[in-house]
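Dear colleague,

I am passing on to you the structure that we spoke about, and my notes on it follow directly below. Please read them with the coordinates open beside you.

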Amino acid sequence: MTSHSSLSSGRPALRALVPLLALVLLGVVAATTWYRSDDARLHRLVDDLRERRGVVASVEVGDTGVREVRLTDRASVAEVEDVRERLAEAEVSPRIRVGEVRVDLAELRELAPLAVRLADVYAGPVTVEARVVSREQWVTVDFAWPPEGGAAPRPAEGAAAVLAVLDALGEGELPPDLSVVGAARATKELDLVHVDRAALERLDTTAAALRRVAATDPEHTISCDEEGCRAG
């Protein structure tokens with residue numbers, strides 16, 4: 001009689017636990033689903049990148065996911081490659097900056113040594129970009145649209161920015177695959193300055209010649225090759 005009474009009294013308590021257990025189960029399922037969701041993967045990626053102090057300077061996140069990853073100018077080639085692999089693993093394609101240098105993620109493996117070399121170059125309020133053009137490596141200094149009523153940049157301004165890049169390149173051996181350094185107005189292609197490989201191989205001479213031509217404040221593109229620098 002006592003045993004039957006105890007069993008009967010335990011059933012209400014057991015029934016009361018069922019909703020609680022169901023809630024716990026639902027919570028586990030929801031947590032698992034979230035962990036596997038795109039939002040969760042994005043959070044884990046951003047946290048992982050931001051924990052790389054000294055390598056990743058900032059991570060910009062927008063409505064569509066990671067928009068830009070900026071690496072510090074102290075990041076090594078190996079560290080840049082590690083970040084590239086992490087982004088590829090996450091299947092995202094944000095803008096990439098290595099210090100002051102913008103690089104397309106798809107070209108980052110090839111351009112990492114060049115981007116790291118130029119990471120701390122400051123060429124003024126412009127965008128320095130490393131890119132691959134027909135299997136050649138280019139470094140371009142791109143000027144933004146001038147403010148309303150403002151004057152468009154002139155070749156002499158482009159030369160000043162290019163000289164900052166040349167100064168940085170002069171601190172070591174010339175990258176073997178670098179073919180062009182130049183400057184351009186918005187939406188243009190090397191319309192301010194164009195320095196080819198032959199001129200790059202004579203950096204000191206080319207830099208001096210570029211300064212002389214820029215000092216005349218020319219109207220047309222400054223071009224530098226094995227014969228020197230000239231405008232027009």
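**Notes on the model**

R135 lies in the loop that links β5 (127-133) and β6, where helices (H or I, at least four residues) and strands (E, at least two) are DSSP runs, numbered from the N terminus. This is a predicted model, in which local features need pLDDT of at least 70 and side-chain atom pairs count only at pLDDT 80 or more, whereas totals for chains, interfaces and linings use all residues. Residues are numbered from 1 along each chain as its sequence is written, and side-chain values use heavy atoms, with hydrogens and water left out.

The phi of R135 is near 70 degrees, which is a positive value in a residue other than glycine. With a relative accessible area of 79%, R135 is exposed; here buried stands for under 20% relative accessible area, exposed for over 50%, and partly exposed for what lies in between (1.4 Å probe, protein chains only).

As for the chain as a whole, the protein chain has seven helices and ten strands, and buried residues make up 40% of its 232 residues. Of the contacts in the protein chain with a separation of 6 or more, 52% are between residues 24 or more positions apart, a contact being heavy atoms within 4.5 Å.

Turning to the strands, Q137 belongs to β6 (residues 136-142) and counts as buried, at 6% relative accessibility. Leaving aside residues up to four places away in sequence, Q137 touches E110, L111, L114, R131, D177, L178, S179 and V180. Two of the strands, β6 and β7, run parallel and are joined by six bridges, where strands are said to pair if DSSP finds at least two bridges between them. Within β7, A183 is the residue that stands opposite V141. From β6 the chain crosses through α5 to β7, and this β-α-β crossover is right-handed, in the sense that, with the strands pointing away from the viewer, the path from the first strand over the helix to the second runs clockwise.

Strand β7 (residues 178-184) has seven of its seven residues buried, so it is largely enclosed by the rest of the structure. β7 is also joined to β8, by three bridges, and these two strands run antiparallel; the bridge partner of G182 in β8 is H194.

Helix α7 (residues 203-215) has 13 residues and reaches 18 Å from its first C-alpha to its last, close to the 18 Å expected at 1.5 Å a residue, the expected span being 1.5 Å times one less than the number of residues. The buried residues in α7 are L203, T206, A207, A209, L210, V213 and A214. Seen down the axis of α7, these buried residues fall within an arc of 170 degrees, so they line one face of the helix, the arc being that of the directions from the helix axis to the C-beta atoms. An α-helix has 3.6 residues a turn, so residues three or four places apart point the same way. On the face of α7 turned away from its buried side are the exposed residues D204, R212 and A215, while what covers the buried residues of α7 includes α5 (155-169), β8 (193-195), α6 (197-200), β9 (222-225) and β10 (228-231).

After α7 comes D217, which has a positive phi, near 50 degrees. D217 is found in the loop between α7 and β9, and at 37% relative accessibility it counts as partly exposed.

There is one disulfide by the rule applied here, which takes a pair of cysteine sulfur atoms within 2.5 Å as a disulfide. C224 and C229 form this disulfide, with their sulfur atoms 2.1 Å apart, and the torsion about their S-S bond is about 110 degrees, so the disulfide is right-handed. C224 counts as buried at 2% relative accessibility, and C229 is buried as well, with a relative accessible area of 15%.

Finally, A78 has its place in helix α3 (residues 77-90) and is exposed, with a relative accessible area of 57%. A78 and P113 are 35 residues apart in sequence, and their C-alpha atoms are 9.3 Å apart in space.

With best regards
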